[in-house]
Amino acid sequence: MEKSTNNQSRRSFLKVTSLTGGGMMIGFSWLANLLPNEALATAANANDWVELTGFIKITPDNQVKIFNPNPEFGTNVMTSLPMMVNEELQADWSKVIVEMGDYDTPRFKSQFTGGSRGMAQGWKPLRTAGATARMMLMQAAANEWNVPVAELTVANGVVSHKASNRSANFGALATAASKLTAPTNVELKKNSAFSLIGTPQKNKVGKDIVAGHSLFTMDYKHEGMLIAMAIHPPAFGMTLKSFDATEALKMPGIKSVFDIQVYKDGYKRAGFDTRAFNKLVVVVGNSTWEVMNARKKVNVQWIPTETTKEIVAAWGGQREEIVPAGLESTDEHMKQMYAMQQKPAKLLRKDGDPETAFSKAAKVIERTYSAPFLSHNPMEPISCFAHITDEKAYFVAPIQIPEMMKQNIVSNLGIPGDKIEMKLTRMGGGFGRRAYGHYIVEAGLISQKIKAPVKLIYTREDDMTNGIYRPTYMVTYKAAIDATNNVTAIAIKGGGIPEGAVHENRFPAGAFENYIAEGWEIPSNITIGAFRAPGSNFIASAEQSFLDELAETIGKDPLDYRLELLRKAKANPVGKRNDYDADRYIAVLELVKEKSNWAARPKNAKRGVAAYFCHSSYAAHVVDVTMKDGQPVIDKVVSAIDCGVIVNPEGAVNMVEGAVVDGIGNALYGGMRIEKGVPMQKNLNQYRIIRHKEAPKKIEVHFVQNNFDPTGLGEPPFPPVFGALANALYKATGKRLYNQPYLNELNKS
Amino acid sequence: MSKFNLKVNGKNHEVDVDPTTPVLWVLRDHLNLIGTKFGCGVGSCGACTIHLNGRALKSCQLPVAAVGTQPITTIEGVVEEVGEMHPVQKAWLELDVAQCGYCQTGQIMAAVALLKTKPNPTEEEIESAMSGNICRCGTYVRIKAAIQQAAKSSTK
């Protein structure tokens, strides 16, 4: 046993509340934002540090319920996080009921799904909660039987005293346990003693999913509920002038048509308060189809926006964000980005003397990469239920980061924070899109206006043309090569609209004596947001494609060249801010090398490799591809992952497979074009998403086995897929690919 | 508004709706059968897949007026038909297919219809029959394996 002595658990406190009719409920919360502790250090971004909370509920009839603190959007936290609790609680996992915790400001400190941080953040607090509850149950048994706690054992939800042949289940002990003071310094199992963590467990919600039960906000119903839809401008850079609803109001089932302003003038936006359009025309009626039809009859006039300034008050600071006027276009964006590549940019990092190295180089290779805006397109379109009354503001919402909604709801709806009640539903995908809860405020404003319960529904078109895209990016990689084929310097310069993706301290920083990284940004009125592995999803594709081409240029094996650079960076790291662990990076490359039989591959193998580190986990992929009738066929993908302790191998493998499929799809097909401010892809018949027949024929997932605390898998396996695919396609076609989506470039003669 | 008699999952229902209303919204809004999902509204994603006369069909593209006397089966009816979980649903659980889960009822409806006409589909037949159903989480590899497993278990 090891003492749980991290700051987080020392300073945590547990509240115990007796339930009416017996049973106990343990709530826990942490003051972790005060702490520069190890959990904080594993967070992708220190500013993003959030707390986790959860519940254990035991009833006298021996039902054990574990509340999942983090909203579920498909990474299987409804299973893996309660597994952490139960590893220590030691209830009968097959009978444990898991339930999504509601958003509850007074009780909880934080609920956050994003940044692949759920595993890392839950690791000690959730096990500590389970251990604390188990200790209280054991103490209750010890008191009742008048025996020392040390003589008790716990297994499958039963506390036993062997010497006196007595036993009791958790339910029988729960009421007495709830009256005890919670211990503050519990011991946690050593990893080697885990009996649940590390075993493959099925999704706890699986049966409800395959039966089609009501799980999603889109499915939610409420007595007297009306349906609302909003009309937003047809283009970025446009706003509402006026509307005429005469015809729409004559349509059957229509209750009301009005306009709303989402954020009040001067509202200081919090970190996830992005919204594309601030003034919307809303149609409210009895049923979805009636509202869909009526809104076509609303005659709306739009006018161009002025350049505006917005205040973003987030992450402990405040900044102004310029939202320029104008109707932007993808072709113009490409020209602007190429122009920025020719201008001086912001220096992000410089090691040694890259200028001299480039001036003395025998050869310089320079390659420029670009990628378009991407739409998240979660399968469940955006929706939110709201019922605002004088007593309370009740929401049923699919939101990744409920904790950061409070400022938004309080300010823009004028509702005191303690009147907000929010049921958090399972989300039909998110990928970052549902971090931005403007739709919660919109639903609230609509309910306030019509004084009725209402569900706001976005159609697919509403969502896809509503911005919050992955930014569009460009980056140039440059290498100086001397007469003996040594790479003497690396230069990286890039940016994006409206933000860039150069991560100056990531590999290959640290492996080159002479290194420079520069960045720039171009403001835009097209709104962007976090998209599965923000920034990394582009920069990894460019970096890993460039390293491949560089290795080829200097006559080295691409996988071995990466290993060589990492070993160099480990032995003699250049600079002090390199944010990767070379050993763990090497381990995933070695593993993928072994499992893909890389060294013995045929000389003409159509095979590519890539590796990346982001969001605290390491991933490497080897992709095999063949071309058939001008279309790539992905024959096989072998993946090697290091995410520390693997909590639920079943879910973990599924996540990696999904990331591989998603990566291939976005790399080949993904892209949102803008013309004169208008998003050109409006639905799934225009925006191409990977389908069954385009998915890899086989995916093999391998994990590095180690004892590092677990880190996430939602994002890390995704970015290196792009580069591995591009490098394989080069082998299959002889064509290096620089601009996404790759299929467009492949088909260019 | 017009009245329509629909046979859904073996039961008769009368609804009074606009004749152009897609069956998707009749099921979801009027019959409270929410297992049939709204994904795109243009027949491109398959989240709304139902069976009409036993054949898989995208219910967002089917106006209620076009149904007539043809029987409709939804995911809720698939369970009722079999009396317990359908072999396809069981395979989905055994292979732990779902991630977010939103598209999976549509995927299952497409798979059930496929196995009715082709009890032992080849990989290519599965890929082809299932390519109208998008899974944004990318669970395709598991879906294919689950269909193969269901085929095996029902031909045993």
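Trainee: Which pattern does chain B follow, read along the sequence?
Mentor: This is a predicted model, and in it chain B runs β-β-α-β-β-β-α-α-α-α-α. That makes six helices and five strands.

Trainee: Thanks! What radius of gyration does chain B have, and what would a compact globule have?
Mentor: Chain B comes out at 15 Å, which agrees with the value near 15 Å for a compact globule of 156 residues. Along its principal axes, the C-alpha trace of chain B spans about 45 × 30 × 25 Å.

Trainee: And how much of chain B counts as buried?
Mentor: 60% of its 156 residues. As for contacts in chain B between residues at least 6 apart in sequence, 60% of them join residues at least 24 apart.

Trainee: Can we pick one residue of α17(A)? Is V661(A) buried or exposed?
Mentor: V661(A), found in helix α17 (residues 649-669) of chain A, counts as buried because it has 27 C-beta neighbours inside 10 Å. The cut-off for buried is 20 or more.

Trainee: Which residues is V661(A) in contact with?
Mentor: Leaving aside neighbours within four places in sequence, V661(A) contacts I690(A), A695(A) and P696(A) in chain A, plus G138(B) and Y140(B) in chain B.

Trainee: How far is V661(A) from L196(A)?
Mentor: In sequence they are 465 residues apart, and in space they are 29 Å apart, C-alpha to C-alpha.

Trainee: New topic: what domains does chain A have?
Mentor: The domain assignment gives domain 1 (2-195), domain 2 (217-308 + 382-457) and domain 3 (344-374 + 469-747). Between domain 1 and domain 3 of chain A, 17 residues of domain 1 are in contact with 18 residues of domain 3.

Trainee: Which elements give two or more residues to the domain 1 side?
Mentor: On the side of domain 1 that touches domain 3, those are α3 (77-89) and α4 (118-145) of chain A. The residues on that side divide into six nonpolar, ten polar and one charged.

Trainee: What about the largest nonpolar core: which residues touch the most other members?
Mentor: L137(A), A228(A) and V588(A) do, in a core of 280 residues. The element that gives the most to this core is α4(A), with 13 residues.

Trainee: And which residues is L137(A) in contact with?
Mentor: Beyond its neighbours within four places in sequence, L137(A) contacts V159(A), F170(A), L173(A), A174(A) and A177(A).

Trainee: Last one, helix α18 of chain A. How many residues does it have, and how far does it reach?
Mentor: Helix α18(A), residues 719-733, has 15 residues and reaches 22 Å from its first C-alpha to its last, close to the expected 21 Å.

Trainee: Is α18(A) mostly covered or uncovered?
Mentor: Mostly covered, with twelve of its 15 residues buried. Among them are F722(A), L725(A), L729(A) and A732(A). After the helix comes G734(A), whose phi is positive, near 75°.

Technical notes
Residues numbered from 1 in each chain as written. Chains lettered and ligands numbered in written order. Predicted model: local features only at pLDDT ≥ 70, side-chain atom pairs only at ≥ 80, totals over all residues. Helix = DSSP H or I, 4+ residues; strand = E, 2+ residues; numbered from the N terminus. Rg over C-alpha atoms; globule rule 2.2 N^0.38 Å. Contact = placed C-beta atoms within 7 Å. Expected span 1.5 Å × (residues − 1). Domains from an automatic or database assignment. Nonpolar A, V, L, I, M, F, W, Y, C, P; charged D, E, K, R; others polar. Core = buried A, V, L, I, M, F, W, Y, C linked by C-beta atoms within 7 Å.
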